[in-house]
Amino acid sequence: MFNFDKIGEKIKTLAVVFSIIGVSVSIVFGIHTLFKNAPLGILIIIIGSFCSWISSFFIYGYGELINKTTEIAKNTKQGIKIEIESDKK
């Protein structure tokens, strides 16, 4: 039903999408607030965008960690096969 192949890449893509959505919402909400309270609107734009951007680092890093772990696991399996084949000879 669900495809979990290359899940690290999907998590990294999701991090970028969430970051773009978060920055966009912060800008739109900040502009909306800007007409009622200018200093608060500017703070919402700056702090909201910054927090969305920084929080995406952790999600992206998690996706990268999964990619690297998968790569290490594949290389370890290949190394074990090579050792077993060399022991047989």
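Q: Which helix supplies the largest share of the lining of the largest pocket?
A: In this predicted model, local features need pLDDT of at least 70 and side-chain atom pairs count only at pLDDT 80 or more, while totals for chains, interfaces and linings use all residues. Both α1 and α2, which spans residues 38-88, supply at least two residues of the lining (helices being DSSP runs of H or I with at least four residues, numbered from the N terminus). The largest share, five residues, comes from α2.

Q: How do the residues of the lining of the largest pocket divide into nonpolar, polar and charged?
A: A pocket is an open set of points on a 1 Å grid over the protein atoms alone, where a 1.4 Å probe fits and protein lies on both sides within 12 Å along at least five of seven lines, and its lining residues have an atom within 4 Å of a point. Here the lining is made up of K6, I7, G8, E9, I66, N67, T70, E71 and K74. Counting Asp, Glu, Lys and Arg as charged, and Gly among the polar residues, the lining divides into two nonpolar, three polar and four charged.

Q: Is K10 buried, partly exposed or exposed?
A: Residues are numbered from 1 along each chain as its sequence is written, and side-chain values use heavy atoms, leaving out hydrogens and water. K10 lies in helix α1, which covers residues 7-34. Buried means under 20% relative accessible area and exposed means over 50%, with a 1.4 Å probe and protein chains only. Because its relative accessibility is 37%, K10 counts as partly exposed.

Q: How far apart in space are K10 and Y60?
A: Along the sequence, K10 and Y60 are separated by 50 residues. From C-alpha to C-alpha, the distance in space between K10 and Y60 is 9.6 Å.

Q: Why is the pair of F50 and W53 called tilted?
A: A search of the whole structure finds two aromatic pairs, a pair needing ring centres within 6.5 Å, with planes under 30 degrees apart called stacked, over 60 edge-to-face and the rest tilted. The F50 and W53 rings have centres 6.1 Å apart and planes at 55°, so the pair is tilted.

Notes. Rings of Phe, Tyr and Trp (its six-membered ring) pair if their centres lie within 6.5 Å; planes under 30 degrees apart count as stacked, over 60 as edge-to-face and the rest as tilted.
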